[in-house]
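Welcome! Please take a look at the model below before reading on.

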Amino acid sequence: MSIIRMNVPDFGAMGAVVAEAARPLYERYVVPSYARSLSVTRGAGSWIWDEDGKKYLDLGGGVAVNCLGHAHPRIVETLQQQASTLIHASNLYHHRPQGQLAARLVALTGEGKVFFCNSGAEANEALIKLSRRFGHPEGRFEIITALNSFHGRTMAGISATGQAKVKETFEPLLPGFTHVPYNDLAAIESALTPRTVAVLIEGIQGEGGVQPARADYLLGLRELTRKHGLLLLWDGVQCGCFRTGHFHSYQTILQGLPGGADFLPDGIAMAKSLGGGFPIGAAWIRAPYADLFQPGSHGSTFGGTPLACAVALAVLDEIEEKGLASHVVAMGKRLTTGLEKWKATKPIVEIRGVGGLIGMALSEDAPAACARLRSAGLLTVPATGNVLRFLPPFNVTPDEIDQALAMVEKAL
């Protein structure tokens with residue numbers, strides 16, 4: 001009898017590979033689509049440690065994701081409890097965590113329904129598909145977005161994004177997107193065609209250099225979209241989920257203004273801080289349009305799992321019970337006030353932003369400044385236009401903000 005010998009991997013040798021440091025493993029096995037810097041091993045609260053044991057004050061927050069810092073006990077406990085009960089269930093079934101989270105998001109936003117996915121790009125993708133489905137009977141499919149915007153890395157996301165750098169070498173792009181200057185209502189009106197179906201806008205352009213929308217622009221935009229029968233789509237992926245003090249950034253920008261209470265987009269994309277580090281995205285859709293998606297028209301294998309939804313509910317509970325939305329606003333003001341003092345003596349051009357999304361525009365190269373801050377023990381995130389982003393966890397302490405200011409003073 002002949003013996004068939006199979007090519008079985010040497011798992012003993014693989015074990016030796018796993019014991020190596022992270023950086024050489026990435027260089028050999030991971031697609032180099034990111035300019036990575038640190039090799040990190042663990043985190044606790046606002047702090048993260050590298051493989052050499054050096055600790056860093058993390059005010060980059062996983063690019064606005066880690067709203068409760070690292071390894072928050074409530075998230076850890078929820079993960080353990082839910083993982084021991086039900087981790088994943090197909091979206092062919094109902095489960096309580098998804099239903100409860102959808103009800104919570106509707107209560108925080110307005111009458112409507114929620115589609116769950118895994119990321120901000122997928123949430124924007126859902127809104128783009130929603131608008132095309134909405135306009136399909138009339139042949140309307142064009143969406144107006146802003147120059148300098150960022151709406152994700154999928155093909156629809158980069159097509160919607162108003163930055164040439166993310167599109168280069170990926171043409172042909174998805175047709176039907178027009179980009180106009182941000183905070184310019186007349187530019188949007190001039191770009192309208194009989195095929196226009198929606199306007200997609202960020203409340204604060206984060207990656208685009210931390211540029212907040214003006215209140216008069218938003219109010220005019222809502223009036224314009226209603227007048228022309230367009231959907232107003234809101235990208236709240238980075239600026240949402242209480243980062244500005246309210247659940248949505250338009251609630252902060254328009255607070256107390258005449259007409260502000262009537263401003264309600266037709267669709268809102270959420271992600272990042274929603275899961276506090278666990279992947280989850282969501283697209284809230286206003287009531288008249290919430291049933292445009294029917295079985296088979298849109299879906300997600302992993303969107304809204306019991307584990308992800310349970311974590312998001314725990315994150316919302318922690319933020320609301322501890323008053324962290326107002327706390328991060330206070331900490332943002334403390335950081336902003338400290339940075340403003342150095343404009344005369346440091347290469348700082350402008351400090352701008354809202355709540356816990358703060359941009360520091362520099363007169364020098366932002367990635368180089370980011371590297372110097374990192375060497376000093378402070379993590380920030382570069383943005384477009386020589387801007388550094390500060391995205392602290394909502395529970396950052398006053399002492400940690402003061403430590404960050406001391407590091408900025410030392411490094412710049």
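Here is a short tour of the nonpolar cores and a set of paired strands.

This is a predicted model, in which local features need pLDDT of at least 70, side-chain atom pairs count only at pLDDT 80 or more, and totals for chains, interfaces and linings use all residues. Residues are numbered from 1 along each chain as its sequence is written, and side-chain values use heavy atoms, with hydrogens and water left out.

Let's begin with the cores. A nonpolar core is a set of buried Ala, Val, Leu, Ile, Met, Phe, Trp, Tyr and Cys residues joined through side-chain atoms within 4.5 Å; buried means under 20% relative accessible area with a 1.4 Å probe, protein chains only. The largest one has 52 residues, and Leu-101, Leu-105, Leu-218 and Ile-319 have the most contacts inside it. Its largest share, eight residues, comes from helix H11 (residues 306-321); helices are DSSP runs of H or I with at least four residues, strands runs of E with at least two, numbered from the N terminus. A second, separate core of 28 residues includes Trp-47 and Leu-335.

Now for the strands. In strand S7 (residues 196-202), seven of seven residues are buried.

| Partner of S7 | Sense | Bridges |
|---|---|---|
| Strand S5 (residues 142-146) | parallel | three bridges |
| Strand S10 (residues 231-235) | parallel | five bridges |

Within these pairings, Ala-198 of S7 is the bridge partner of Ile-143, while Val-199 has Leu-232 in S10 as its bridge partner.

Methods
Buried means under 20% relative accessible area, exposed over 50%, partly exposed in between (1.4 Å probe, protein chains only). Two strands pair if DSSP finds at least two bridges between them.
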